[in-house]
Structures are given as structure tokens and as C-alpha cells.
Amino acid sequence: MALKNRMKWIAYAFVLPALIIFTISVIYPVIENFRISFYSWNGLSPMNPVGLTNYIQLFRDPDFINALKNTLVWTVTTTVIGVLFGTIIGILCGLTDINTTVVRTAIFSSFGISATASGMIWLGVYQPDFGLMNAVLEALGLPSLARPWLGDPNRALIYVIIAYAWTQTGFSMIIAYGAISSIPQILYEAALIDGGNSWQITRFITLPLITNAIRLATFLTFLSSLKAFDLVFSMTGGGPIRSTEILGYFMYTDSFYYFKLGYGAASVIILLIAVFIIAIPVLLERSEKT
Amino acid sequence: MIIALEKRFQELHPEVKVKDINVTSGEHRAVIKTMLLGGETVDLIFSAWPSFDKELHDAGLLVPIDTAWQQYGWDKSLNESWKKLGTIEGKIYGAWYLADNRSGVWYDVKTFEKLGLSVPATWDEFRSVARAYKEAGMVPISLGAKIWAHTDVFENLLLRVGGPEMYMKLAWHEIPWNHQVVRNALKRWQELLTEGLFPDANTMLATDWFGAFQQVIDTKTAGLNLMGSWVNVRAQQEFKLVPGEDYNFFQFPVIDPKLPKNTTEISGKDWLVTKTGKNRDAAFLFIDFVLSREGGGIIAEYGSGTPNRLVPLEQYDAVMSEIVKLFAANEVVFVLDDLLPSELSNEFRTQLQKFLMTPTDETIETVMAAIEHKAKEVY
């Protein structure tokens, strides 16, 4: 019993440094952010307590509601596109006999580079005068389809979503590929002996065994999309006419452009609550399994 | 240019060590504020926004420079209007060292001459010039409305239909944004838009300011572009063009002949001395160098404009010397968008984008109402 207790304290001692760093860099800023959300403060002036006013105003602010709607569309579509394409590519790479290292590296690099750099790349793709997209369309004899892609407030969000989903595809691909690689080869051999075709093998062996990995990729991609900011910042600055303004960008403008730090902090708390609502059931389910 | 100024300053004052803290983001105000909030200590800040200077002043971060102004005799370098621009609540805080003309319409000289055009002085002549480009199959007036450049068009229209007094009243919200003068300015813009003298709305909203300028002097797909005179430097450095020969500018045309003819919209940069800085004397010494004839000369050599009147005209290139003459001869007003609080500025930009999408009478009313609504919230 004494040994068990001692081991427990040793375990805590090992965790302690990480816990201290986590508390300083995550827990404390969250608590401080929560506190600031009850003040009116521009960062330079004295802090003025305003109670729940920031929260009440947020839900009356049409720009916040717009950002909320855009965020919903953004997170769902970037997650679906990113995970779907990533998983398909991961499965194809995992099941083929061809060496796919170059393909995997190329696709994964989209996840590896910074979102700002991705934004600059995609700006080059969508640029109206010299952009790749319009150049390709013209080369294909389809100049009528060329357009100022990011200038249309009704469609700009779609084009930015495509750019962001591209950055997430590599992540899902590597998760799916890793999961497939860990499936014992013997299962495939048995299926082949039993006369299973490619579709049946994928449907009844591969997909069920990588489901957890796909769920994890979906969960992490969703959370990542929810707090996205830099790609929108570098590509559109939330425009035109706020059509690509998502919560991450809204928080930035309110906090660091308008310097309404209390108001910005309140929107951070709303986002944090959304993240908790999504994350807690998944984490609870995982902890029950383990 | 700043590096060249610093290098020469160091040669003259080896006892002072200059260290730059780079602000790399596109939104300098946010980064500077965040850095100051984070405890960064600097002696000097350069700013381009009088409203930002005021914010820093109100937060008690700046020291007045009146005493140094007297001691170093900066009246010799900057005239009363620039001194006034750097004054907050009766004390001088900003020493302006860069100046840009924001009322200049740029064109490619060869295309202009090929079409047999002459510099328009009136609104009707301006429209005729734009029509000539249209007939030649070009975009008459390019515009980068992706972020902010479209506001310059509105501001110059406002200046020409309302004059400098109304312009400044609107800047300080002494008249509402749904005032008749705003409506008149938007109506003038509406005339140009409905006549097809600008690109389609989506193209404008997808183009940034530099892209729009490039269409005039590089790809030559557009005829005219209203842009700040810093493009003079870019045209020379990036496109190796000769000012006055390859490209030139004219001032935004007169609309109401009863108003002062060439009132010029300007922007610029000023030096601010911080309260937390530990080397105040060195900071003043640096400002004194920048405002000297030699310092101003370095700025002029780089193709930029300076309000420093010690710099002889012949030190500027052909285009910039004309701009500097305009500064001296006409009343100047600071660019409106930079006088507005950030939140109102953003609403102003967004609402004008809405106007570009649908330039109808109805939109004019809703746009004016929306900016006024935000202005009431902010002021």
C-alpha cells in the first residue's frame, strides 16, 4: 500500500511540470479572458465593469450573428470536404501496391505549411488578373468561366472554404493512412481467400477498422475549423462585405483592431462554450472506452 | 528609406544607437498597441493616423514635443498646417515627415497621348477622358475595393462637392452621415458607375489597391487610377518607369467651381515620442535629423514626398516636385478614413462596398443610414 502511494506521488511529480506550463499558458489566459469579458476596456484605458452587457450586445450585433452563421457553414463544410477527401486518398494510398510516398508527402504538406502561407498560395490561384484558376480556364478555352473569384460576396465563402479544406485534407489522409497501415495483413488475405472483391474488402474490413480514426480526424478537423482565423485574414480580410467573416476573424477585429477587448473576450467565451459542447461528449465517450 | 535615414543619422551621431522594432503586420495600429500593452519600451513610434495619435495620447503614452520644437526650430521645416495636424489639445505631439497626395489620378503617358487626351480640369472633362478609354476598349477607371482604396474615391468626391469645411465636419461627425453632402458625393459616383466607367463590382471587390494601379501602368488594361502618391516610389522601383515620361498624374477634377479648386487630400507619417522611452533626447535628435534639409533630401531621393519645406524642389523627381508644389499652394485635408475611429472606418469601407455592388438611389440611402448608425454608436 505504501509503495502504491509512493508510486502515485512519483507519477504526480512527473505530470507536475506539464501541469504548471498548461496552467500558465492555457488555464490562466482562459480565466483572465473570462474576467475581461465583463469589462469595457480598450487596453489602454482603465477597465470599466459592465456586467453581462458584452454578452447581451453580442447577440444583438448583426455582425456577430453573421459571423456565427458563416462559422457554422465554414466548420461543417470544411470538415466534411477535408475529412472525406483525406480519407478517400488515405484509403487509396493504403490499399495500393504502388509506392505513394511522394503523393502522401505532397498532400500532407498542405497541412504542414502555415495557414497564412496557404492563404497567399490560394490568393495566387484566385487572383483576377494573373491567377492560376483564370489562366487554366482560359487555356482550356473556357474564358467565360473566368471570374474575380473572391470579389463575389455570395460565393467568396465557398472559395475560401475550398482553400481551407485543402489544408485539412492532408491531416485526414495521414490519419486514415496510419489506421489502414495498422490493420493486420492477415485479415485481407483471409478475405481474398474467401473470394472478397475490392469493394467488399473496403466496406467490411477497412472502413470498420478505421472508423475510430476517421471520427478522431473529424473531431479534430472540426475543432481546428472552428477556431480558424489566419487563412481568412490573409485571403479576404473577412470581406467582401463581411461575407467571409468567421468567428475567429470577428474576435480578432473586435479585440485587436477596434480594441474592444471586453467585447472580443466575450465572443471568445462563446466560442469556448461551443468547443466544450462539441468536445465533451466525444471525450467522455473515449474515456468510457479506455 | 527609414534605414537610409537611420544610417546617415548614426554616422552623424555615433553616440546614439538606433534599434528598429519591426511591425510586420498589415494592421500596424493593432500591432503597435499590442506591443505597447505587452510592455514593449520604445522611444519613437511612427504613425500614419491622427486618430491613432489621439488614442495613444488619451492613454497617456505620449509626451508633448513643444519644448523640443522651439529648441530645434522645427518651424523652419514644417508650416503651420502640419504643426496643427500634430497638435492634440493645444500641445504638439506629432512631427510629420512624410506626405502623400491622395487626390492624384494616375495614367500611363503613352496611352494618354495616343488617345489624344489632355488633362481634365472639370467633371465633364474627366468623364470625357474616361469615356475615351472605354471607347478604346480599356477599363476607364480601375479601382481596388478589396480593403480600403474605394474610400479615396468617395472622399475626393466629397471634397469636390462639399469643400474642405464640410469634409472636416463629417470627419468629426459634426454633420451626420446622411447629410445631403454625402448624398451628393455618392450621386456623382453613381453617375460614373452606371455609365460603366468602373470595372464590374465583383472585380473591384476582388482587387487590391496595388493591383488596380498595376492595371494602369503595367498591364495597361485600365486608363486611370486614383491612388496615393507613394505609388511614385513603387512605379520606379518595381517597374523601372520614369516619372513624368512613362506615367504621370492629374488632380481630381473640380465639380463645384464655387469651392477652392485644388484642395488636396493628403496622408502621411509622423513621429511620436513615448512617455516610457528612456532616451528622449536621442529621440528628439533623430526627429531633428529627419526634419533637416539633409534628412528631407534622403526622403526625396527615394521618390517620396515630405512636408519638410527645407528640401529644395529640384531634389524631387518630376512627379513628386509637382505634388510638393500642390501641398504648398493649396489647402490640404487629411484622408478621412484615417481620421475615423477603427470601427467606424470598417463600417464605412463595408457600406461603400455595398454601394459598389448596387449603386442605386435606394442603396445610397441605406448606406448613409448604416454609417450614421455606426457613427452614433462610436462617437
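Glu89(B) is exposed because 9 other C-beta atoms lie within 10 Å of its own; a residue is exposed at 12 or fewer such atoms, buried at 20 or more and partly exposed in between, with C-beta atoms placed from the backbone. The structure is a predicted model, in which local features need pLDDT of at least 70 and side-chain atom pairs count only at pLDDT 80 or more, while totals for chains, interfaces and linings use all residues. Residues are numbered from 1 along each chain as its sequence is written, and chains are lettered from A and ligands numbered from 1 in the order in which they are written. Helices (H or I, at least four residues) and strands (E, at least two) are DSSP runs, numbered from the N terminus.

**Backbone features**

- Glu89(B), although not a glycine, has a positive phi of about 45 degrees.
- Glu89(B) is placed in the loop between strand 2 (87–88) and strand 3 (91–92) of chain B.
- His173(B) is not a glycine either, and has a positive phi of about 60 degrees.
- The loop between helix 8 and helix 9 of chain B holds His173(B), which is partly exposed because 16 other C-beta atoms lie within 10 Å.
- In chain A, the peptide bond between Gly239(A) and Pro240(A) is cis, with omega about -5 degrees.
- Pro240(A) belongs to the loop between helix 10 (230–235) and helix 11 (247–257) of chain A.

**Chain A overall**

- Chain A has 12 helices and 2 strands, in the order α-β-β-α-α-α-α-α-α-α-α-α-α-α from the N terminus.
- Along the principal axes, the C-alpha atoms of chain A fill a box of roughly 80 × 75 × 30 Å.
- Chain A has 290 residues, of which 37% count as buried.
- Among contacts in chain A with a separation of 6 or more, 73% join residues 24 or more positions apart; two residues are in contact if their C-beta atoms, placed from the backbone, lie within 7 Å.

**Tyr164(A)**

- Tyr164(A) sits in helix 7 (residues 156–181) of chain A and is buried, because 28 other C-beta atoms lie within 10 Å.
- Tyr164(A) and Thr78(A) are 86 residues apart in sequence, yet their C-alpha atoms are 6.6 Å apart in space.
- Apart from neighbours within four places in sequence, the contacts of Tyr164(A) are Thr78(A), Ser225(A), Ala228(A) and Leu231(A).

**Helices 8 and 9 of chain B**

- Two packed helices are described by the angle between their axes and the distance between the axes.
- The axes of helix 8 (residues 149–171) and helix 9 (residues 180–194) of chain B come within 8 Å and cross at roughly 170 degrees; axes are lines fitted to C-alpha atoms, for helices over the stretch in contact, and angles run from 0 to 180 degrees between N-to-C directions.
- Helix 8 of chain B is therefore roughly antiparallel to helix 9 of chain B, a term for angles over 145 degrees.
- On the side of helix 8 of chain B, the contact is made by Val153(B), Phe154(B), Leu157(B), Leu158(B), Val161(B), Gly162(B), Met166(B) and Leu170(B).
- Helix 9 of chain B contributes Val181(B), Val182(B), Asn184(B), Ala185(B), Arg188(B) and Trp189(B) to this contact.
- The residues of this contact divide into 11 nonpolar, 2 polar and 1 charged; Ala, Val, Leu, Ile, Met, Phe, Trp, Tyr, Cys and Pro count as nonpolar, Asp, Glu, Lys and Arg as charged, and the others, Gly among them, as polar.

**Arg188(B)**

- Arg188(B) lies in helix 9 of chain B and counts as partly exposed, because it has 19 C-beta neighbours inside 10 Å.
- Beyond neighbours within four places in sequence, Arg188(B) is in contact with Leu157(B), Val161(B) and Ile255(B).
- From C-alpha to C-alpha, Arg188(B) and Trp123(B) are 9.4 Å apart in space, and they are 65 residues apart in sequence.

**The sheet of chain B**

- An open sheet of 4 strands in chain B has the order 6-7-5-8 and mixed pairing; two strands pair if DSSP finds at least two bridges between them.
- Strand 6 (139–142) and strand 8 (247–251) of chain B are at the edges with a single partner strand each, so one side of each has no neighbour in the sheet.
- Strand 5 (residues 104–108) and strand 8 of chain B run antiparallel and are joined by 5 bridges.
- Tyr107(B) has Asn248(B) in strand 8 of chain B as its bridge partner.

**Interface between the chains**

- In chain B, 24 residues are in contact with 21 residues of chain A.
- Helix 16 of chain B gives the most to the side of chain B that touches chain A, with 6 residues.
- The residues on that side of chain B divide into 9 nonpolar, 9 polar and 6 charged.

Note on methods:
Angles under 35 degrees count as roughly parallel, over 145 as roughly antiparallel, 65 to 115 as roughly perpendicular and the rest as oblique.
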